[in-house]
Amino acid sequence: MIWDEERLPALEVDAIHGLTPAPPPLLISDTEGRRAARRLNRPGNWQPGEWAELIRGETGEWAMAVHDNSPVSICFSPASNDTAAEAGIWTRADFRGRRLAPAVVAAWSRRERRNKGVLFYSTTAANHASRSVARTLGLTPLGWIWTVRT
């Protein structure tokens, strides 16, 4: 899905946070956020090298919700070029359903938009949680990814 450029800039993280009680704090990939992220516990599903690259900002912008010194939801740029970036999202299982993913995706988009003209959010038809994030953010479907089998 491609970001709906008319809707997303007006979307405020605080408005999303209003949907949940006591949201965890958000860190973004600015200088202060990168410094704070170095002190966090690395999620077990992230390898040490890839975690270090992420928090240093080497793979693009990121935003994360933090609880008890650990990231519980992260949006980052797993794929990008000079003009576009794709959102990658991970939320710890015990924090799913709390609207954290839309909050970190919205925060990521504000960071990444400074350098990229096109932001993408892609998911599969079977990933209902990810599709819910897209709906919450008011994203506009762009199309389907087709695979050629040889």
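**Reading helices, loops and a pocket**

Guide: Let us begin with helix H5, where the buried residues are Ser130, Val133, Ala134, Thr136 and Leu137. Viewed down the axis of H5, these buried residues fall within an arc of 165°, so they line one face of the helix. The arc is taken over directions from the helix axis to the C-beta atoms. Buried means under 20% relative accessible area, exposed over 50%, and partly exposed in between (1.4 Å probe, protein chains only). This is a predicted model, in which local features need pLDDT of at least 70 and side-chain atom pairs pLDDT 80 or more, while totals for chains, interfaces and linings use all residues. Residues are numbered from 1 along each chain as its sequence is written, and side-chain values use heavy atoms, leaving out hydrogens and water.

Visitor: Which residues are exposed on the other side of H5?

Guide: On that other side, His128 and Arg135 are exposed. Just after H5 comes Gly138, with a positive phi of about 70°.

Visitor: How many helices and strands does the protein chain have?

Guide: Helices (H or I, at least four residues) and strands (E, at least two) are DSSP runs, numbered from the N terminus. The protein chain has five of each, that is, five helices and five strands. Along the sequence their order is α-β-α-α-β-β-β-α-β-α. The chain has 150 residues, of which 41% count as buried.

Visitor: Which residues of helix H3 are buried?

Guide: Helix H3 spans residues 48–56, and its buried residues are Trp51, Leu54 and Ile55. They fall within an arc of 90° as seen down the axis of H3, so they too line one face of their helix. The elements that cover them include helix H2 (31–37), strand E2 (62–67) and strand E3 (70–80). Contact here means heavy atoms within 4.5 Å. Just after H3, Gly57 has a positive phi of about 85°.

Visitor: Where do Asp68 and Asn69 lie?

Guide: Asp68 lies in the loop between E2 and E3, and Asn69 is found in that loop as well. Phi of Asp68 is near 50°, a positive value in a residue other than glycine. Asn69 also has a positive phi without being a glycine, at about 65°.

Visitor: Why does Asp68 count as exposed, and what is the relative accessible area of Asn69?

Guide: Asp68 counts as exposed because its relative accessibility is 63%. Asn69 has a relative accessible area of 39%, so it is partly exposed.

Visitor: Is Val105 buried or exposed?

Guide: Val105, a residue of helix H4, counts as buried because its relative accessibility is 0%. Val105 is 16 residues from Tyr121 in sequence, and their C-alpha atoms are 9.0 Å apart in space.

Visitor: What is the volume of the largest pocket?

Guide: A pocket is an open set of points on a 1 Å grid where a 1.4 Å probe fits, with protein on both sides within 12 Å along at least five of seven lines; lining residues have an atom within 4 Å of a point. Volume is the space filled by probe spheres set on the points. The largest pocket has a volume of about 420 Å³. It is lined by 22 residues, of which Thr91, Ala101, Ala129, Ser130 and Val133 are the closest to its centre.
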